[in-house]
Amino acid sequence: MLLSGCSLEGVGSAFGHFGWPGKGITLQAHKMYDLWIASTIAALIVGVFVWGLIFWCIIRYRKRGDELPVQTRFNMPMEVLYTVTPVLIVAILFYYTAIVQTDVDKLSKNPDQVVEVVAFKWNWQFNYRDGMGKDAGTVASTVGSSDVIPILVLPTNEKIRFEETSKDVIHSFWVPEILFKRDVFPGSVRNTFEITLDKEGRYVGRCAELCGTYHAFMNFELVVVSPERFDQFLAAKRDGSSTQEAMAAIGFTGDQMYATTTEPFDTRRQKNNWNQRGAVAAGTGAAATAGK
Ligand SMILES: [Cu+2]
């Protein structure tokens with residue numbers, strides 16, 4: 001079943017992907033998706049079999065009178081069967097999980113692109129790097145602000161390595177369609193992972209680790225384009241263009257230069273929504289009279 005990815009997707013989409021947000025946009029995501037769907041199908045087969053046995057017993061051996069039925073216990077073949085079967089099922093699930101996990105965690109020796117993800121309260125910076133590790137140089141950079149959502153432009157069909165670091169607390173880099181997230185640590189630990197994107201589009205990215213007051217507003221946007229357009233984007237950035245100018249250089253004009261999947265949140269607090277009960281705040285004479 002794992003080998004026949006296409007039919008798994010057919011089954012998955014017929015059942016709402018069994019709770020997953022679709023097949024994903026990376027080669028790694030597709031493998032996780034197939035594992036998820038195949039595991040669910042396997043669980044359902046076991047489930048239907050067990051439900052069948054339960055209902056068969058309920059109907060076949062329902063109470064017919066006061067006479068006690070035959071009491072059978074310690075049926076050795078049965079004992080062995082229902083010990084060995086679950087162990088086998090778990091072993092098979094473990095086998096495929098280990099294969100997919102190893103693949104998802106695999107790092108190549110020569111990734112095509114290296115992106116340093118810098119998280120901070122409460123936004124993101126994306127540094128396009130000229131090599132791996134913290135001593136590599138940054139050739140272009142994008143940083144988000146309260147007014148502009150940071151846009152991370154990346155190519156399809158290239159091995160992309162993310163190196164994560166935080167300036168303050170633990171955050172988590174998450175694009176739901178990648179079906180993957182990984183914590184972003186402050187300090188010397190640089191979490192790293194690689195993906196190969198295979199679907200162009202624009203996808204919202206989020207912080208997935210509660211990091212403080214405006215954690216929920218810590219969004220970014222992943223823009224996946226062809227390698228040719230990515231090269232043009234990066235060239236424009238290297239020449240000193242802003243991210244929005246570089247977006248325009250590869251054909252995104254007007255509102256398309258900015259994030260389309262999310263927008264900056266208004267974090268300004270008004271007196272009336274901050275103090276919802278109209279109670280008198282200490283030291284605010286005006287509020288005291290307004291409250292009465
Ligand atoms: Cu965060």
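A residue is called buried under 20% relative accessible area, exposed over 50%, and partly exposed in between. The exercises below use this rule on a predicted model.

**Exercise 1.** Decide whether Ile89 is buried, exposed or partly exposed, and place Ile89 in the chain.

*Solution.* 
Step 1. The relative accessible area of Ile89 is 33%.
Step 2. This value falls between the two cut-offs of 20% and 50%, so Ile89 is partly exposed.
Step 3. Ile89 belongs to helix α3, which covers residues 76–105.
Step 4. Val46 stands 43 residues away from Ile89 along the chain, and the C-alpha atoms of the two are separated by 9.6 Å.

**Exercise 2.** Describe the two spans that the UniProt record annotates as "transmembrane region".

*Solution.* 
Step 1. The annotation comes from an unreviewed UniProt entry and covers residues 35–59 and 80–99.
Step 2. Residues 35–59 are 100% helix and 0% strand, with 36 Å between the end C-alpha atoms.
Step 3. Residues 80–99 are also 100% helix and 0% strand. Here the end C-alpha atoms lie 29 Å apart.

**Exercise 3.** Name the protein donors of the copper ion and work out which geometry they form.

*Solution.* 
Step 1. The donor atoms are ND1 of His171, SG of Cys207, SG of Cys211 and SD of Met218. They lie 2.0 to 2.6 Å from the copper ion.
Step 2. Along the chain, these donors follow the spacing H-x35-C-x3-C-x6-M.
Step 3. The four donor atoms subtend angles of 93 to 126 degrees around the copper ion.
Step 4. Four donors count as tetrahedral if all angles lie between 85 and 135 degrees. The arrangement around the copper ion is therefore tetrahedral.
Step 5. For comparison, the ideal angle for four tetrahedral donors is 109.5 degrees.

**Exercise 4.** Classify the cysteines Cys207, Cys211 and Cys57 by accessibility, and state how many disulfides are counted.

*Solution.* 
Step 1. Cys207 has 7% relative accessibility, so Cys207 counts as buried.
Step 2. Cys211 has 7% relative accessibility and therefore counts as buried.
Step 3. Cys57 has 36% relative accessibility, so Cys57 counts as partly exposed.
Step 4. A disulfide needs a pair of cysteine sulfur atoms within 2.5 Å. By this rule the count is zero.

**Exercise 5.** Find where the peptide bond from Lys121 to Trp122 lies and state its form.

*Solution.* 
Step 1. The bond from Lys121 to Trp122 has omega near -5 degrees and is cis.
Step 2. Trp122 is in the loop between β1 (113–120) and β2 (123–129).

**Exercise 6.** Summarise the whole protein chain in numbers.

*Solution.* 
Step 1. The chain has seven helices and ten strands.
Step 2. It has 292 residues, and 38% of them count as buried.
Step 3. Take the contacts between residues at least 6 apart in sequence: 65% of these join residues at least 24 apart.
Step 4. The chain exposes about 17,600 Å², with 59% supplied by carbon and sulfur atoms.

Notes. Residues numbered from 1 in each chain as written. Predicted model: local features only at pLDDT ≥ 70, side-chain atom pairs only at ≥ 80, totals over all residues. Heavy atoms only, no water. Donors = N, O, S within 2.8 Å, 3.2 Å for Na, K, Ca; no water. Tetrahedral: all angles 85-135°; square planar, octahedral: opposite > 155°, others 65-115°. Buried < 20%, exposed > 50% of the residue type's maximum accessible area, 1.4 Å probe, protein only. UniProt positions renumbered as here; feature names shortened; annotations may be inferred. Helix = DSSP H or I, 4+ residues; strand = E, 2+ residues; numbered from the N terminus. Contact = heavy atoms within 4.5 Å. Areas by Shrake-Rupley, 256 points an atom, 1.4 Å probe, with all protein chains shown as cover.
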